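Subject: A structure for you to look at

Hi there,

Here is the structure I promised to pass on. Have a look around in the viewer, then read on for what turned up.

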Amino acid sequence: MVVVAIPIFNGFTALDAIGPYEVLHRIPGVRVEFVSETAGLYLADDGHLRVEAPVCFEQVPSPDVLVVPGGPVKNLPLTNKAFLDYIVKVHKTSLYTTSVCTGALLLGAAGILHGLKGTTHWAAFDNLASYGVTPVHQRYIRQGKIIMSAGVSAGIDSNLEVAALLADETMAKAVQLAIEYDPQPPFDSGSVGKASKEVVDLARKITAALPSLQNQ
C-alpha cells in the first residue's frame, strides 16, 4: 500500500488539496490521508468550507508521498515548528515530496528547496525566491523527488505526473479520463503572461480579500 499524506491547516486553498486527492485516491493500492498537527476540522481559505484531517502527524509518520497544499500567504503555517518538522521528517524517506501553489513556500520554509528551480502561484514568486529558489513559469517542475506545481488547478497536472510515477502512464491517463480532466475554459487568461493588467490587478484584490484564518 502506497500512503499519500496531505497536511492541511486553517486557510488552505481547497482545490490545492482536493485536486491531488481526486487524482491519487483512484490509483489501486494508494491510500490518501488528510493529516494535521491535531486531528479535526480545518477551514478552507473562504472561511466556510471545512475539511477533516482525521489523523495527526504522529499517526502517519512516514508516508510514501507528501502533497503540501498552499493558501493565501497570510494563512500559511510558515513558523509552525510542528508543521515544518513534519515536512522535513517525511522528506527524508519519501518517494516524492510535492507542493501545490504556495505550498512550495512551506517546503522552502522547511529548508528543502535551497538552490533549486521551483514554481508556485505567480503572485508568490518573490516569496519563493527568498528561500533560495529560482522561480520559473512552468505548470509544474520536477527535480529528483521534489515536484512543485504552479497555482491551485496546476496541482491536478502535477499529480497526474505523480500517478504515472507511482503506477504507469496508462494508469495516469485512465485517471485523467475518469475525472474527465480535459480543460477547455471559455477565456485564455489562466496565467499571468496571458492576462491583461486589469485582470491581474483584480486577481490580486480577490486573493487579498480572503480572510485571515491562521489562528482559527
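Let's start with a question: among contacts in the protein between residues at least 6 apart in sequence, what percentage join residues at least 24 apart? It comes to 65%. Do keep in mind that this is a predicted model.

**The overall picture**

The protein has seven helices and eleven strands. Its C-alpha atoms fill a box of roughly 50 × 40 × 35 Å, taken along the principal axes. For 216 residues, a compact globule would have a radius of gyration near 17 Å, so the 16 Å of the protein agrees with that. Of those 216 residues, 47% are buried. The accessible surface is about 10400 Å², and carbon and sulfur atoms account for 54% of that surface. As for charges, there are 16 positive and 20 negative ones, and their mean positions are 6 Å apart.

**The aromatic rings**

A quick reminder before the rings: a pair of aromatic rings is described by the distance of the centres and the angle of the planes.

Searching the whole structure gives five aromatic pairs. One of them joins Phe-9 and Phe-12, edge-to-face, with 6.4 Å from centre to centre and 70° between the planes. Both Phe-9 and Phe-12 are buried. Phe-9 also pairs with Phe-83, again edge-to-face. Here the centres are 5.8 Å apart and the planes make an angle of 80°. This second pair links distant parts of the chain: Phe-9 sits in the loop between β1 (2-7) and α1 (14-24), while Phe-83 belongs to helix α2 (residues 81-93), 74 residues apart. Phe-83 is buried, like Phe-9.

Is Val-67 buried or exposed? Its relative accessible area is 0%, so Val-67 counts as buried. You'll find Val-67 in strand β6 (residues 65-68). Leaving out residues up to four places away in sequence, Val-67 touches Val-4, Ala-5, Ile-6, Pro-7, Pro-20, Leu-24, Thr-98, Val-100 and Asn-159. From Val-67 to Gly-11 there are 56 residues in sequence, and 16 Å in space from C-alpha to C-alpha.

Now compare Pro-28, which is in the loop between α1 and β2 (30-36). Pro-28 has 62% relative accessibility, and because the cut-off for exposed is over 50%, Pro-28 counts as exposed. Pro-28 and Met-171 are 143 residues apart in sequence, yet their C-alpha atoms are 9.3 Å apart in space.

**Two backbone angles worth a look**

Most residues other than glycine have a negative phi. Which way do Val-152 and Glu-180 go? Val-152 is not a glycine, but has a positive phi of about 45°. Glu-180 is not a glycine either, and has a positive phi of about 50°.

Both are in loops. Val-152 is in the one between β11 (146-149) and α5 (154-166), and Glu-180 is in the one between α6 (169-178) and α7 (197-208). Val-152 has 24% relative accessibility, so Val-152 counts as partly exposed. Glu-180 has 65%, so Glu-180 counts as exposed.

Methods
Residues numbered from 1 in each chain as written. Predicted model: local features only at pLDDT ≥ 70, side-chain atom pairs only at ≥ 80, totals over all residues. Heavy atoms only, no water. Phe/Tyr/Trp six-rings, centres within 6.5 Å; stacked < 30°, edge-to-face > 60°. Buried < 20%, exposed > 50% of the residue type's maximum accessible area, 1.4 Å probe, protein only. Helix = DSSP H or I, 4+ residues; strand = E, 2+ residues; numbered from the N terminus. Rg over C-alpha atoms; globule rule 2.2 N^0.38 Å. Contact = heavy atoms within 4.5 Å. Areas by Shrake-Rupley, 256 points an atom, 1.4 Å probe, with all protein chains shown as cover. Lys, Arg positive; Asp, Glu negative; His and termini not counted. Charge placed at Lys NZ, Arg CZ, Asp CG, Glu CD.
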